[in-house]
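Biologist: Could we go through this model together? I would like to begin with how its elements are named.

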Amino acid sequence: MSEDIAVNRFREYLRINTEQPNPNYEECKNFLEKYAKELGLDFWSFELVPGKPLVGMTLIGKDTTLPSLMLYSHTDVVPTFKEHWTHDPYSAYKDEHGNIYARGAQDMKCIAIGYLEAIRRLKQSGKTQFLRTIHLVFCPDEEIGSFDGMKKFVTTKKFEELNIGFSLDEGSSSDDDTYVVSYGERSVWWIKVKCPGDPGHGSRFLDNNAGIKLQSIINSFLNYREEQRKKFLASGKSIGNFNSINLTKIEGGVQVNVVPSEFYAWFDVRVTPNENFEEFENLISKWCKQAGPDVTYEFELKDGNRKTTPITKEDPFWNAFSSVLEEEGCKYEPLIFPGFSDSRCLRELGIRAIGFSPLINTPCLAHDHNEYLNDKVFLRGVGIYVKLIERLANVQNH
């Protein structure tokens, strides 16, 4: 049996190794340029940072004065540990059940190809132009904070010229039959805490002890984590409504019989938009003071955006989006995205953005070993994108 062209292109894209920290962005760019020509889309590309191309495709609308629709995806994927994979993560192996194993199968190369194959289907049905211009945008480095990707792109003249009014981006898979739709997301705070002290022999009771300060810091952060975890478990709400904290890295010390002069601890903190950011940061400052003299913290990444996208029927874009899901008989749940996506950069500018990965009855394996997506689930998603793109690109001026 011949393979659907959408599945074929999906597997081609998955075979391009764009794994951090050394993504093959050039091969990715060449693949997308060929794809654009195949679909008759205007192709453009430029580098914000050498070796990290940002790629775009454009389908001009009937009224170019209207804000455009952006179909967004990132091109990089997270590292793999091949010894834990059943199949090579860049072979795009498909088993007898139609499960396609590859890094990026869920996060988020399926979304990029879903957009492109929806455009193909729309064009094949004779729908070659819509009211609003459509831009497909593919950015690098989302998986490492977007510093050389979307964060830079939104400050450029090119981004301003795109005149984005609404954007679709990645969401998350669902292990049941309810689609997850994100209208906002928790802010990312990557915090580095420095715990200095007096060095000395490992046999002494040193008062100004970096290890004791580190213990206090870890206790404060993780006690708060446990409080939030219990509230989350008791609430029945999604995790995006709560703050999360995880200790992710510790450094310090020179050898086992020497008390070090400093320890460093890193924490991955996700802050719900419902939080008072100033009060929460004051709490972190308080924990540092409690730990002892000269304990300090700094942010390696701090997103301060609390903006969310409207999800009422009065909003024309949400009305268009949600109406398609309802017409397709899709159960869906709007929520705050627990992780982060490049949509945060758009919402900060007041641009509407919805995160949506049309992946149901699929265990969430983003960033995990043996990431896979079933071909039937993928193709169902393409069909949903066909209606979403047409509806969103034809939203009337408001």
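Modeller: Helices here are DSSP runs of H or I with at least four residues, numbered from the N terminus. Helix α9, for example, covers residues 343-347 and contains Arg344. Please keep in mind that this is a predicted model.

Biologist: Is Arg344 buried or exposed?

Modeller: Arg344 counts as buried, because its relative accessibility is 4%, and the cut-off for buried is under 20%.

Biologist: What does the side chain of Arg344 make a polar contact with?

Modeller: One partner is the side chain of Asp303, at 2.6 Å. The Arg344 side chain also reaches the backbone oxygen of Ser341, at 2.8 Å.

Biologist: Which residues is Arg344 in contact with, leaving aside neighbours within four places in sequence?

Modeller: These are Gly145, Ser146, Lys151, Glu185, Asp303 and Asn305.

Biologist: Let us change topic. Which residues does UniProt list for "active site"?

Modeller: The UniProt record, an unreviewed entry, lists Asp76 and Glu142 under that heading. They gather at one spot, because no two of their C-alpha atoms are more than 6.8 Å apart although they span 67 residues in sequence. Of this set, Glu142 is part of the lining of the largest pocket.

Biologist: Where is the place of Asp76?

Modeller: Asp76 sits in the loop between β3 (68-74) and β4 (93-94). Its relative accessibility is 0%, so Asp76 counts as buried.

Biologist: What does Glu142 touch, not counting residues up to four places away in sequence?

Modeller: Glu142 touches His74, Asp76, Glu170, Phe340, Ser341 and Asp342. With His74 there is a polar contact between the two side chains, at 3.2 Å.

Biologist: Turning to the strands, in what order do the three strands of the open sheet with β17 run?

Modeller: The order is β4-β5-β17, with antiparallel pairing. β4 and β17 (372-374) are the edge strands, each pairing on one side only. Between β4 and β5 (residues 99-101) the antiparallel pairing comprises two bridges, and Lys94 stands opposite Ile100 in β5.

Biologist: Which strands does α10 touch where it packs on the sheet?

Modeller: Helix α10 touches β4, β5 and β17, and its direction makes about 70 degrees with that of β17.

Biologist: Which helix holds Lys387, and what is Lys387 in contact with?

Modeller: Lys387 is in α10, which covers residues 375-393. Leaving aside neighbours within four places in sequence, Lys387 is in contact with Val324, Glu327 and Glu328. Its relative accessible area is 26%, so Lys387 is partly exposed.

Biologist: How many Å separate the C-alpha atoms of Lys387 and Pro89?

Modeller: They are separated by 31 Å, and the two residues are 298 residues apart along the chain.

Biologist: One last topic: which residues does the UniProt annotation "domain: Peptidase M20 dimerisation" cover?

Modeller: According to the unreviewed UniProt entry, that annotation covers residues 183-294. In the predicted model this stretch of chain is 37% helix and 32% strand, with its end C-alpha atoms 40 Å apart.

Definitions and conventions
Residues are numbered from 1 along each chain as its sequence is written. This is a predicted model: local features need pLDDT of at least 70, side-chain atom pairs count only at pLDDT 80 or more; totals for chains, interfaces and linings use all residues. Side-chain values use heavy atoms; hydrogens and water are left out. UniProt positions are given in the numbering used here, feature names are shortened, and annotations may be inferred rather than shown by experiment. On a 1 Å grid over the protein atoms alone, a cavity is a set of points where a 1.4 Å probe fits but cannot get out, and a pocket is an open set with protein on both sides within 12 Å along at least five of seven lines; lining residues have an atom within 4 Å of a point. Buried means under 20% relative accessible area, exposed over 50%, partly exposed in between (1.4 Å probe, protein chains only). Contact means heavy atoms within 4.5 Å. A polar contact is a pair of N or O atoms within 3.5 Å; within protein, one must be able to donate a hydrogen and the other to accept it, and residues adjacent in sequence count only if both atoms are side-chain atoms. Two strands pair if DSSP finds at least two bridges between them. Axes are lines fitted to C-alpha atoms, for helices over the stretch in contact, and angles run from 0 to 180 degrees between N-to-C directions.
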